[in-house]
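Morning, everyone. Please bring up the model on your screens, and we will walk through it together.

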Number of protein chains: 2
Amino acid sequence: MATFGDIGVAAAFNILSALIFLIAFAFLRLQPFNDRVYFPKWYLKGLRSSPSHSGSFVNKIVNLDWRSYIRFLNWIPDALKMPEPELIDHAGLDSAVYLRIYLLGLKIFVPMTLLAWAIIVPVNWTNKTLALLSQGEAGLTYSSIDKLSISNVPFGSPRFWTHVVMAYVFTFWTCYALMKEYEKIAVMRLHFLASEKRRPDQFTVLVKNVPPDPDETVTECVEHFFLVNHPNHYLTHQVVINANKLSQLVEEKKKKQNWLDYYQLKYSRNRGKRPMTKTGFLGLSGDKVDGINYQTAEIERLTKEIAEERKRVKTDPKCIMPAAFVSFKTRWGAAVCAQTQQSRNPTVWLTEWAAEPRDVYWANLAIPYVSITIRKLIAAVAFFFLTFFFMIPVSAVQSLANIESIEKQLPFLTSVVEQPFIKAFIQGVLPGLALKIFLIVLPTILMMIAKFEGFLSISALERRAAFRYYLFNFVNVFLVSIIAGSALSQLDTFLKQSPKEIPETIGVAIPMKATFFITYVMVDGWAGIAGEILRLKPLIFFHLKNFFLVKTEKDREEAMDPGSIGFNTGEPQIQLYFLLGLVYAVVTPVFLPFILVFFTLAYMVFRHQIINVYNQEYESAAAFWPDVHARIIYALIFSQIMLMGLMGTKGIYEAPPVLIVLPVLTIFFHLYCKGRYQPAFVRYPLQEAMMKDTLERTKEPNLNLKGYLQQAYIHPIFKDDEDDEDEGFSMELDDSATVPTKRQQSRKTTPVPSRFSGRSSPALPEHDHEGSLS
Amino acid sequence: MATFGDIGVAAAFNILSALIFLIAFAFLRLQPFNDRVYFPKWYLKGLRSSPSHSGSFVNKIVNLDWRSYIRFLNWIPDALKMPEPELIDHAGLDSAVYLRIYLLGLKIFVPMTLLAWAIIVPVNWTNKTLALLSQGEAGLTYSSIDKLSISNVPFGSPRFWTHVVMAYVFTFWTCYALMKEYEKIAVMRLHFLASEKRRPDQFTVLVKNVPPDPDETVTECVEHFFLVNHPNHYLTHQVVINANKLSQLVEEKKKKQNWLDYYQLKYSRNRGKRPMTKTGFLGLSGDKVDGINYQTAEIERLTKEIAEERKRVKTDPKCIMPAAFVSFKTRWGAAVCAQTQQSRNPTVWLTEWAAEPRDVYWANLAIPYVSITIRKLIAAVAFFFLTFFFMIPVSAVQSLANIESIEKQLPFLTSVVEQPFIKAFIQGVLPGLALKIFLIVLPTILMMIAKFEGFLSISALERRAAFRYYLFNFVNVFLVSIIAGSALSQLDTFLKQSPKEIPETIGVAIPMKATFFITYVMVDGWAGIAGEILRLKPLIFFHLKNFFLVKTEKDREEAMDPGSIGFNTGEPQIQLYFLLGLVYAVVTPVFLPFILVFFTLAYMVFRHQIINVYNQEYESAAAFWPDVHARIIYALIFSQIMLMGLMGTKGIYEAPPVLIVLPVLTIFFHLYCKGRYQPAFVRYPLQEAMMKDTLERTKEPNLNLKGYLQQAYIHPIFKDDEDDEDEGFSMELDDSATVPTKRQQSRKTTPVPSRFSGRSSPALPEHDHEGSLS
């Protein structure tokens, strides 16, 4: 029961830390030696180069121009200035639409806040329930915040009808805003697809589960099948090669190369001492050997192995997977093939749109059909246990990590552990640390589960992981905070409660937790977002790498780690705020302004980051929007049911039946939107395809499409081989296909290993990169 | 708590009535004057003609050949003799697959019965729980049937593990049988589609929601769109015309014609008296006029109106709906168009496979997209209220229909009502009658809801109505019988109980209701099915019509009412038996043989009916199978959860966690089957299409496909106009397209009004034709 004063103190504290982050950022970003940390996107685009080319040495490191410090908040208007079409051009549609989620939050909650403060707050305020209660025998203490909430309205008061009416108004407004946004984004997507340059995935379909044929190789089989069944449209194809082992070797070599660079640099700085290393696990055990020699030998060995493996992969028929990227002469032909069933057996010759070449998740292309169902089952069960039982290992670690058990298990540490400072540290920090580490690793675990499930593109992996992260947050952040007790004990409670009681239990607890969530929003939303812009971890890592590894300009480019938006962690966080906003809109309207600050701040920060920092990993043309839309709808329905439960306890027995209409209407609104807009996100209209084909045919009648598509879908590991031809090829196409070339270039310059596991998350900056620790 | 003796009496009674029905049938079917009632299918096929052509007058009516009476049970081997491929040829794939549902029941339950009697029954029997209880103070009476059920196993006995293991065995067996059957039927469907003769719907796609264009008519718009977007494949199209009013007029004229025929026949038999009629409602009120003159005048008026309306419909652009049947040059082209999205706006240019011409539900073709969602919402709400609140009007009628209220409302009837016989009738029969009438009308109401929802083919309408009828049965037959109390009070109870308690409440009640359901199976399943074969209502109606209306051979053909399978009532009934069988398999295995008798009897009866009686209304090529499969799966999952609930009360606390694995596995089995087989039922593989196209091209290089398709999808009301050309046309095609011609012929000879509303239901023979009473 916090008072305005308490909230004010917390707010002041969080605003202060947010301000410190922002000022630190404003200062750091102006230093030239941080330039690659805060503006990597521009480097990747080739529009900015190292500041080393001009000025003195000092100027290279510190910015001495005092004028730039005066305008230290200029990044905000700068970030907001870029118009949306330019933003799409600059950072892709995915990023632009991602920003629109924040905007949607503002669109939904600004009118809601105004209305709630104009109507609900006065209705709540002008009661005396809490004041009377506090004068009564119980002597209940209450805070001014509770005076503004629904708790202040007396039992059975007709004033509750205000809340019912407002629930209707809020629902209609939310649905209206959602529909407008869905429509807008569907148009944006189609426009984007229509105005795009030629891209290989427009012509290409991924064919999985090619049935084995004793007389033909996979490539012959594919060719024959499509020549027969798409005679006028089939152009060419590329079989998928299982190069997982080769990728591993290459990655290993790269790591060793990094070590070698490190030792050589160390040696060049200190000629007197050869750097030594150990050959065992993580360089901690084993024989001590000369670092440079050892790594050189290792690299040589790997180079040989790689060459052998490369040869083997290319010739061994076992490495050819029963899948292929089939390209067509026209977009129409590809659209047709992707949307239709090919064979009478619906588990072979499965076709789907090929993802962009850089979006393909190569390792999953060989999973057979039957195992997909089993994998889905295992993934679902694993996620269930992860959600409801994750506290068990965490508590186990926590109980192990207390003083007594350490003293028992490792008696020789007793003297160390008993020292006051260390004791305090263990008692105070370790238990929290165990939980924190788990939460940091969680997105990686979820990505691993999604990978295990067999999705074929990185975008699909991220969407799936985001969905699961949202569910996890809902259970383990939202519900666990509302009702004290672990998720598991809740599950048990809910199994024992009736469908009528559950919304009542939760509904009644909601207004009581308002202050907790206000604090949560300030810590996680305000300070967290402000911390995001500082990019502390990439900053440190960049300077470490710069110091230890960087020799050439190319190394420096690789040391730059722009990261990407991190849809799988960012979107679930926004959704949590939508959920909180919708749940508290009617119950405790005081909550809404805090959400508004979050949406505003996050919008500005992420707009800046998207323009200056993040490097897009793939372009799915906003394919995630149906998920975003659906989750807001679920939050809305949840909030309605909870309000129903709450009203059931307030003595207004007509209110729940009136409120039950809302979820029914919302569900049908959702079905309508799904039918109306979703196809735009999963299918590709033939009309569009035909239009683009016709246009292209008239514009470039002599286009050599086969040449363009021939090499588009070779495994990235083989791309390096053909860099020379490739570059020549991309040069040749440069004017007609600027975007793909740019992307190719950026791919080459971005460090490869960080592509899958090492993505920075925008909003939980402390979580990122844990996946690439190994 | 019935004993074996009670069950024996009930069984004897029901077997007796079943036998009486069967003997009556065996006798009646041999009489030549019933020939058209019991063998209409052969008349429609043109393979049998009226017996009037040969023999004396007596021979025409009564069969005097004593030898045929000796073989009176011959219909059973006759019905079973026809091999399945011939059956498919004779009655269509739908009918053949419908029969396989009964066979599937046998496949699932025969091994289950054997196993259950070999293992579970001895395990249950060799306990003394009930014997001990009956000796105790409570003096519980128990029956020998209960001794065979799970109730006889003592609390906490390890013997319950037998039941758990058997639940696993039964689940795996059911899933295995289901999968085999799904596979088999998918193959049958594809084989059927592949071996079929040329049919217009193979080349045709229904395009809905053609966007309005100010400059073009709908037909121009469609032509341009498809010429642009399917340039190599588009052949021709027919716009859909709103002829609903015209159909009404034609139907009305037909009715008046019937009356005229009746009066003329009456007059011709009794020359002395002109038949009189009243002009008002149902001929009960209004002026008394000469029947023949009045009807003749009415018919003349209607003929004129019809001619005007026909002209108006053909010229008025308002009657042209924004929908069209678009035909393609190849099956490949049609398959592509049906499976892809055409326009960037996913709510216009919606394409789907055209149903067979005779399967199209014309009245729904003009519903716009937005209203579909609203209609769905209204239909769902209506069905919800129908299911849970239907008892309210029924009880209202029942309470009105008692003696006191009649005497109060209509005092002048007191003397009549007080007579003992009438009093007994009112008290005994009226309340039951109100419920019975509602249940008879129910399938018609469900069909109306489905029509309102906007489905475009009769097969889809029936599938939807079947789904709802199943739900209704589940709630109002199964659940209401298990737990006493109306559906509404149950809903209330379930809302108040926890998710853990609900399966316990139902699970515990299940073994206690075994005898009730055994009786139910005997009445509804045994005697009901035997009654079905007698076709009492069509028999009476045929002879009435024959006496009053029939003048020509053509009239006699129209008087014949073969009906159709009635998927919307028959399938839900079978599903109820699947549910009962699966639920009782582990709990009360005594139940299983009764189910087996039902499946055997029903299989024989329906095989006979399909061969000799029913006239197929449409051919959906077993498109209903995914529904059948899914419902058996749901029944299986329900039975597992109920068993879990029951076990929870039996003192075996490890059993529920072990059993919860079953529904999870079953759900994933369902997902697997859905992915593996369902596409075969909703999509048309391009490979198949291409094969058929290629074959046709080589076989008939000079085929005039445009001529063939031009008139295929005109509204049935306009078909009559063009009968002459039509017949010539179908003659011309006779050798290449026997099946369509036959169908056309049968359509012409079947009474048209009975097509939509007047379908006889196979299993609830007293329900049928209520829809066409008007």
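Start where the two chains meet. Between chain B and chain A, about 4400 Å² is buried, and carbon and sulfur atoms give 62% of that area. Buried area here is the accessible area, taken with a 1.4 Å probe, that two parts lose on being put together, summed over both.

A word on ground rules. This is a predicted model, so to speak: local features need pLDDT of at least 70, side-chain atom pairs count only at pLDDT 80 or more, and totals for chains, interfaces and linings use all residues. Residues are numbered from 1 along each chain as its sequence is written, chains are lettered from A and ligands numbered from 1 in the order in which they are written, and side-chain values use heavy atoms, with hydrogens and water left out.Back to the contact. Chain B puts in 51 residues, and chain A puts in 51 residues. Contact means heavy atoms within 4.5 Å. How many salt bridges are there between chain B and chain A? The count is zero. A salt bridge would be a side-chain nitrogen of Lys or Arg within 4 Å of a carboxyl oxygen of Asp or Glu. Polar contacts are there, though: twelve residue pairs, both residues at pLDDT 80 or more. A polar contact is a pair of N or O atoms within 3.5 Å; within protein, one must be able to donate a hydrogen and the other to accept it, and residues adjacent in sequence count only if both atoms are side-chain atoms.

Which elements of chain B give two or more residues to the side that touches chain A? They are α10 (160-195), α12 (218-229), α15, α16 (369-389), α22 (487-496), α30 (655-677), α31 (679-682) and α32 (686-699) of chain B. The largest share of that side, seven residues, comes from α30(B). On these labels: helices (H or I, at least four residues) and strands (E, at least two) are DSSP runs, numbered from the N terminus.

Next, the sheet in chain A. It is an open sheet of four strands, in the order β2-β5-β1-β6 (chain A), with antiparallel pairing. The edges are β2 (234-241) and β6 (350-353) of chain A; each has a single partner strand, so one side of each is left without a neighbour in the sheet. Neighbouring strands of this sheet are turned by 30° against each other on average, direction ignored. Two strands pair if DSSP finds at least two bridges between them. In general, strands of a sheet pair through backbone hydrogen bonds, either parallel or antiparallel.

Let's go through the pairs. Strand β1 (residues 204-208) of chain A and strand β5 (residues 320-328) of chain A are antiparallel, with four bridges. Leu206(A) stands opposite Phe325(A) in β5(A). Val207(A) has Ala324(A) of β5(A) as its bridge partner. Ala324(A) also stands opposite Val239(A). β2(A) and β5(A) run antiparallel, joined by six bridges. And β5(A) is mostly covered, with seven of its nine residues buried. Buried means under 20% relative accessible area, exposed over 50%, partly exposed in between (1.4 Å probe, protein chains only).

Now chain B. There, too, an open sheet of four strands has the order β2-β5-β1-β6 (chain B), with antiparallel pairing. β2 (234-241) and β6 (350-353) of chain B stand at the edges with a single partner strand each, so one side of each has no neighbour in the sheet. The twist averages 30° from one strand to the next. Strand β1 (residues 204-208) of chain B pairs with β6(B) in the antiparallel sense, over four bridges. Leu206(B) stands opposite Glu352(B) in β6(B). Which helix lies across β1, β5 (320-328) and β6 of chain B? That is α15 (residues 331-339) of chain B, running at about 130° to β6(B). For such angles, axes are lines fitted to C-alpha atoms, for helices over the stretch in contact, and angles run from 0 to 180 degrees between N-to-C directions.

Trp349(A) is not a glycine, yet has a positive phi of about 50°. Trp349(A) sits in the loop between α15 and β6 of chain A. Buried or exposed, then, for Trp349(A)? Trp349(A) is buried, at a relative accessible area of 6%.

Ala622(A) is not a glycine either, and its phi is positive, about 60°. Find Ala622(A) in the loop between α28 (592-612) and α29 (625-648) of chain A. Ala622(A) counts as buried, at 0% relative accessibility.

Finally, Gln640(A), in helix α29 of chain A. Gln640(A) is buried, with a relative accessible area of 5%. Leaving out residues up to four places away in sequence, Gln640(A) touches Thr171(A), Leu662(A), Pro663(A) and Thr666(A).
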